[in-house]
Amino acid sequence: MKGPSSAVSIRRKSGATRLLWSVFGACLVAAVIGYKPVVIVHGLFDSSGEFVELLRFIDQSHPGTNVSVFDLFDRSSSLQPLWKQVEGFKAAIYPIMQNAADGVHFICYSQGGLICRGILSTLPDHNVHSFISLSSPQAGQYGDTNYLKYLFPQFMKFNLFHFCYTSVGQRISICNFWKDPHHMDMYVNSSDYLALLNSERPNPNSTVWKKNFLRIKKLVLIGGPDDGVITPWQSSQFGFYDDNETVVEIKDQDLYLRDVFGLKTLNARGDLFLCSMAGVEHINWHSNYTVFNTCIEKWLV
């Protein structure tokens, strides 16, 4: 006659069997569906540890997905010039691309969205399927935020151009995308990064960069009015201020109308998507399940 301990043992074995079948099933689903690897690039002052929730969301919705987050240029190192960061991340990410026959997905947060654009523009054989730009100042930054006050306590938004538009200023990442709508000539002539990516400054590589960028299959631009850091928040969707600090939306921007690096082409292809969500602060975009469920999950296939 079996005692109570035997019954417990049987239940434990049964539970272990169910767990094994669950893991096997998840792996089988991933193998059959073929989820593409996901690469996450962090933002200013971030590191891989900030993305625990996002990794959990991806694992729950797309089990078995290979997700990579790099501890490169993290924390204070994220202030290094963006071209330097582009080269560093490119070297780390390229082997993942080479081992992904069906391509990879990018989720690029805040400043990381600009780094990803640099990678996509300068890498002729990338295989990025979905480029998900998560609250990134794609059209530039111009606003008094906590980051600005911390980094430049002697400057306000209206006089930061005195520093940013110098050779010394351009050695700091935030100055690489600081875009003062009242000093556009200085921005165009001094910006070593964003003005080149946007072809706002003559760039002999613009045609090649546009071709490279258009290798992506989907561009997803995520942002919202309660962000509190990206200013204006519409910059996350390529909107920006005119010289009166009135926001000009993406489709009325010169860089869209002239299709300087491919936004209009992507829209014509049906591959440009904007996802706006109120009530999300900047530091919470990657840990908010509603954001993931609404704006990200569907593109990770």
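Reader: Why is Arg201 called partly exposed?

Author: In this predicted model, Arg201 has a relative accessible area of 24%. Buried means under 20% and exposed means over 50%, so Arg201, at 24%, is partly exposed.

Reader: What makes Arg201 and Asp192 a salt bridge?

Author: The side chains of Arg201 and Asp192 meet at 3.4 Å, N to O. The cut-off is 4 Å between a side-chain nitrogen of Lys or Arg and a carboxyl oxygen of Asp or Glu, so the pair qualifies as a salt bridge. Asp192, with a relative accessibility of 35%, is partly exposed.

Reader: Why can side chains of this kind pair?

Author: Side chains of opposite charge can pair when their charged atoms come close.

Reader: How do you know that Glu87 and Lys90 meet in a salt bridge?

Author: The N to O value for Glu87 and Lys90 is 3.3 Å, and the rule asks for atoms within 4 Å. The pair therefore counts as a salt bridge. Both residues belong to helix H3 (residues 82-98), where they are three residues apart and so separated by about one helical turn.

Reader: Are Glu87 and Lys90 buried or partly exposed, and how do you know?

Author: Glu87 has a relative accessible area of 45%, a value between the limits of 20% and 50%, so Glu87 is partly exposed. Lys90 has a relative accessible area of 13%, which is under 20%, so Lys90 is buried.

Reader: Why is the pair of Lys157 and Glu245 said to tie together parts of the chain?

Author: The side chains of Lys157 and Glu245 meet in a salt bridge at 3.2 Å, N to O. Lys157 lies in the loop between helix H5 (146-151) and helix H6 (161-164), and Glu245 lies in the loop between strand E6 (240-241) and strand E7 (247-248), so the pair ties together parts that are 88 residues apart in sequence. Glu245 has a relative accessible area of 30% and is partly exposed.

Reader: How many salt bridges does the count give, and which residues are linked in a network?

Author: The count comes to 10 salt bridges. Lys218, Arg269 and Asp271 are linked in a network of them.

Reader: What makes Cys164 and Cys175 a disulfide?

Author: Their sulfur atoms are 2.1 Å apart, and the cut-off is 2.5 Å, so Cys164 and Cys175 form a disulfide. Cys164 lies in helix H6 and Cys175 in helix H7 (residues 173-176), so the pair ties together parts that are 11 residues apart in sequence. The torsion about the S-S bond is about -65 degrees, so this disulfide is left-handed.

Reader: Why are Cys164 and Cys175 called buried?

Author: Cys164 has a relative accessibility of 0%, and Cys175 also has 0%. Buried means under 20%, so both cysteines are buried.

Reader: What makes the disulfide of Cys275 and Cys295 left-handed?

Author: The torsion about the S-S bond of Cys275 and Cys295 is about -60 degrees, so the disulfide is left-handed. Cys275 is in strand E8 (residues 272-276) and Cys295 is in helix H13 (residues 289-296), so parts 20 residues apart in sequence are tied together.

Reader: How many disulfides are there, and what pattern do they follow?

Author: The count comes to three disulfides. With bonded cysteines counted along the chain, the pattern is 1-2, 3-4, 5-6. One of the disulfides joins Cys108 to Cys116, with an S to S value of 2.0 Å.

Terms used. Residues are numbered from 1 along each chain as its sequence is written. This is a predicted model: local features need pLDDT of at least 70, side-chain atom pairs count only at pLDDT 80 or more; totals for chains, interfaces and linings use all residues. Side-chain values use heavy atoms; hydrogens and water are left out. Helices (H or I, at least four residues) and strands (E, at least two) are DSSP runs, numbered from the N terminus. Buried means under 20% relative accessible area, exposed over 50%, partly exposed in between (1.4 Å probe, protein chains only).
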